[in-house]
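Colleague: I'm new to reading protein models, and I'd like to learn by walking through one. Could you show me how to go about it?

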Amino acid sequence: MSTAEEVEKRRTFGIISHPDAGKTTLTEKLLLFGGAIQTAGAVKNNKIKKTATSDFMEIEKQRGISVATSVMAFNYQDKQINILDTPGHKDFAEDTFRTLTAVDSVILVIDVANGVEAQTERLMEVCRMRKTPVIIFINKLDRDGKESFDLLDELEEKLKIKVCPLTWPIGMGDRFKGVYNIYTKSLNLFSSNKTGISDDIQSFTDLTSPELDEIIGEEAAVELREEIEMIDGVYDAFNKDTYLSGDVAPVFFGSAVNNFGVQELLNTFCDISPSPRGRDTDLKRIEPADSKFSGFVFKIHANLDPKHRDRIAFLRIVSGVFHRNTFYNHVRLGKKIKFANPTSFMAQDKSVIEKAYPGDVVGLYDSGNFKIGDTLNEGEKFSFKGIPSFSPEIFMELENLDPMKSKQMEKGIRQLLDEGVAQLFIQQPGSRKIVGTVGQLQFEVINYRLEHEYGAKCRFVPKNYFKACWITTDNQEQLTAFKRAKSNYIALDKDENLVFLAETPFLLQMAEQDYPDLTFHKTSEFKLEE
Ligand code: G4P
């Protein structure tokens with residue numbers, strides 16, 4: 001098979017949802033279809049349970065397990081599907097954001113009863129920013145939930161994306177009879193199938209046929225005809241281009257736990273979702289078809305065992321072909337490195353691979369060479385852009401409790417930052433270290449790991465900041481005035497970018513008003529436009 005054909009058959013995507021909407025269940029059913037697992041329940045232990053929030057070691061243990069399922073690759077029809085796992089736990093949202101930079105499309109799972117929840121809105125913001133194509137799966141139709149048209153309105157309003165229903169539910173809860181597939185004009189009658197993979201799909205092109213009344217009952221048939229007519233009137237017909245440009249999200253209805261509507265989702269996904277896409281670098285855009293190999297690290301997973309300080313860096317391949325035991329440029333470090341044991345994640349077995357193609361994710365054993373966002377390539381050197389940092393939500397000042405161990409602490413904190421556990425802002429005077437995270441849990445992680453892996457003892461003192469905003473401007477005079485006026489709230493991030501630590505939304509608004517030539521960014525994504 002040629003490289004172009006290898007690229008074309010790959011589909012690299014992530015499943016995102018608010019916790020409990022059904023992401024794990026759906027992932028598992030997709031794996032069943034791909035033959036990657038034989039029984040339901042295999043992915044479950046990957047899940048970080050809500051109840052475990054206070055027990056961080058338990059969570060880390062589960063995160064350890066999740067290395068194996070960080071990427072789940074399997075073949076389905078003529079495609080190679082790569083699912084990149086995203087942690088559902090909200091304290092690991094930053095991990096999820098970064099994983100979204102390594103996917104080419106997304107399936108968003110919504111609970112029919114809860115509709116769009118807070119975390120979904122934030123994840124969707126990231127997809128919109130990157131113009132990632134999104135398919136929405138409305139789950140748990142076997143339970144009563146929101147009325148379908150209301151739900152579509154809610155999706156459009158809260159997720160700020162146009163939707164296009166491709167299947168339509170016939171009743172819900174106790175009265176759930178199945179879905180009508182608008183895209184393929186077929187009827188799929190509901191039957192619960194928690195462990196197997198058979199869907200009973202029958203072609204049904206003429207909804208006016210009296211046969212429909214016989215199959216689903218007169219009342220449901222009348223309702224379905226009316227609703228499909230309304231959909232025709234209200235929503236544009238599906239157009240693959242508007243999906244691929246991230247402007248319209250096709251919507252499916254189903255019940256993941258009953259394995260219902262999942263095969264339709266998967267078939268359509270294979271049909272319409274994008275094959276690996278190119279990425280921007282500081283030099284030029286790189287396309288999968290470019291002959292020279294390139295890729296970037298989007299995730300680093302540490303081994304918690306202090307005796308084995310190795311880590312796994314996850315590399316998304318963007319162009320060319322990656323080969324084992326071949327020297328590549330580590331662009332940031334300016335040196336060449338090769339990998340003896342790169343691993344793939346096919347069918348949950350981690351195995352050493354000889355080569356990998358654009359769209360694939362390869363695990364590289366690392367003894368501290370990599371940071372999140374690093375580029376690996378051959379030939380002309382460049383760096384991929386746009387592994388963004390997002391403004392943290394909780395800020396604490398890091399205090400060293402054992403001055404004899406300050407070197408160890410310094411080293412430990414740098415390594416944890418490389419892994420993306422937290423963000424660090426250095427504040428003058430005194431080089432004070434402000435650590436920012438999206439969740440409380442990370443502080444426990446940092447404390448524990450600094451002590452157990454680096455022998456350093458620290459304490460966190462809460463800081464009352466609301467957001468960290470990256471500042472850009474062309475007006476140096478205004479910037480100087482701002483820095484003078486707000487010197488206590490200015491810090492530098494890891495790349496020495498200027499950041500404003502705003503204490504309240506009001507103070508941020510005042511800063512925007514008083515210094516109109518300064519732009520305050522809530523993510524470091526602005527670097528994309530540089
Ligand atoms: P998550 O990864 O998004 O957090 O969600 P997960 O798949 O773990 O699903 C959350 C809960 O919702 C699970 O129940 C799961 O069985 C249930 N669920 C998933 N899909 C459906 C569906 O289509 N219909 C119904 N009725 N429930 C569904 P749980 O009680 O938390 O776990 P379990 O004891 O059932 O494993």
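This is a predicted model: local features need pLDDT of at least 70, side-chain atom pairs count only at pLDDT 80 or more; totals for chains, interfaces and linings use all residues.

Colleague: How many helices and strands does the chain have?

Modeller: Helices (H or I, at least four residues) and strands (E, at least two) are DSSP runs, numbered from the N terminus. Here the chain has 14 helices and 31 strands.

Colleague: And what share of the chain is buried?

Modeller: Buried means under 20% relative accessible area, exposed over 50%, and partly exposed in between, with a 1.4 Å probe and protein chains only. By that rule, 56% of the 530 residues are buried.

Colleague: Now a helix. What span should α5 have?

Modeller: You take 1.5 Å times one less than the number of residues. Helix α5 covers residues 118–130, so its 13 residues should span 18 Å, and the 19 Å between its end C-alpha atoms agrees.

Colleague: Which residues of α5 are buried?

Modeller: An α-helix has 3.6 residues a turn, so residues three or four places apart point the same way. In α5, the buried ones are Q119, T120, L123, M124, V126 and C127. They sit on the same side of α5, because their arc around the axis is only 150 degrees (the arc is that of the directions from the helix axis to the C-beta atoms).

Colleague: What covers that side?

Modeller: Contact means heavy atoms within 4.5 Å. The cover includes β1 (10–17), α4 (93–100), β4 (105–111), β5 (134–139) and α6 (148–159). Just after α5, K131 has a positive phi of about 55 degrees.

Colleague: Which residues come nearest the ligand?

Modeller: A residue is near a molecule if one of its heavy atoms lies within 4 Å of it. Of the 18 residues around the ligand, D20, K23, T24, T25 and S255 come nearest. Helix α2 (residues 23–34) gives the most to that shell, with three residues.

Colleague: And where are the polar contacts?

Modeller: For a polar contact, look for a pair of N or O atoms within 3.5 Å; within protein, one must be able to donate a hydrogen and the other to accept it, and residues adjacent in sequence count only if both atoms are side-chain atoms. A backbone N or O atom of G22 lies 2.9 Å from a ligand oxygen.

Colleague: How far apart are F395 and T437?

Modeller: They're 42 residues apart in sequence and 6.7 Å apart in space, C-alpha to C-alpha. F395 is in strand β24 (residues 394–400), while T437 is in strand β26 (residues 432–437). F395 is buried at 2% relative accessibility, and T437 is buried at 3%.

Methods. Residues are numbered from 1 along each chain as its sequence is written. Side-chain values use heavy atoms; hydrogens and water are left out.
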